[in-house]
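Here are a few exercises to work through with the structure open beside you. Take them in order and try each one before reading on.

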Amino acid sequence: AFRRPLATIRWRFAAVASLTFLVVISPWTIRNYRAFGRLIPIRTGSGIQIWLGNAPVSEGWLNAKAYAVHPYVNPIERQSLLTLGEPAYNDLAFRRFEGGLAADPLGYLARCVRRSMYLLVGEPTERGDFPRLFHWEWRGVYWDSLLLNLSVAILGIAGMFAARRFRHGQAGLALLAGSVALPFIATAVTDRYSLPLRWLLVVYAGASIWMLLGRYRLRSVL
């Protein structure tokens, strides 16, 4: 909808898409307001996510240690959620995060930096959820996943800069790649949350290989 130049019809498409979105979520929003007496567009959960990603047991990646305090797993937390209700429990989780942030701001900053790396290359000590042709584990690190994700990240970022240098139209894809990652840098990361960024990096990695092959062929001709 927002490719340059911004034609009037593109604004119409954006308006229609936004209106359709509001119509689709309105049943949930109305139900939540009647049930909880507050405006909740779809669901709560942001407070729980940011607390889980920054709890003392967490390193920023939603692994088994972090999920050990999740209400789905932890019976004490689940009872607290059932007693308070989901919105009030979400508020409680966010207050816990605020307390941890005040006590250790540098620790939170370190987790944010770590999550930036997780978004690009995953958690190298986690097996992951996707099937592999082979497994290469050494000293607790799954090197097959790490090298695959690292290669895609390097080629993808190189493709962004190369496309800009050679003036290929990107239609805002590089900006989109950065924006889809921003919420998770501050909250928590797992493989599923990094998929939008990884998908865009794969697109740019393909473009990077295509541009490299094009330059090689051009040199061969010359």
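**Exercise 1.** How do the residues of the lining of the second largest pocket divide into nonpolar, polar and charged?

*Solution.* First, some ground rules: this is a predicted model, where local features need pLDDT of at least 70, side-chain atom pairs count only at pLDDT 80 or more, and totals for chains, interfaces and linings use all residues. Residues are numbered from 1 along each chain as its sequence is written, and side-chain values use heavy atoms, leaving out hydrogens and water.

Now sort the lining: there are 7 nonpolar, 5 polar and 3 charged residues. Here Ala, Val, Leu, Ile, Met, Phe, Trp, Tyr, Cys and Pro count as nonpolar, Asp, Glu, Lys and Arg as charged, and the others, Gly among them, as polar.

**Exercise 2.** Find the salt bridge of R38 and say where its two residues sit.

*Solution.* Start with the rule: a side-chain nitrogen of Lys or Arg lies within 4 Å of a carboxyl oxygen of Asp or Glu. R38 pairs with D91, with the closest N and O atoms 3.0 Å apart. Helices are DSSP runs (H or I, at least four residues), numbered from the N terminus.

**Exercise 3.** Is E77 buried or exposed?

*Solution.* Check the cut-offs: buried means under 20% relative accessible area, exposed over 50%, partly exposed in between (1.4 Å probe, protein chains only). E77 has 12% relative accessibility, so E77 is buried. Its salt-bridge partner is R96, at 3.0 Å from N to O.
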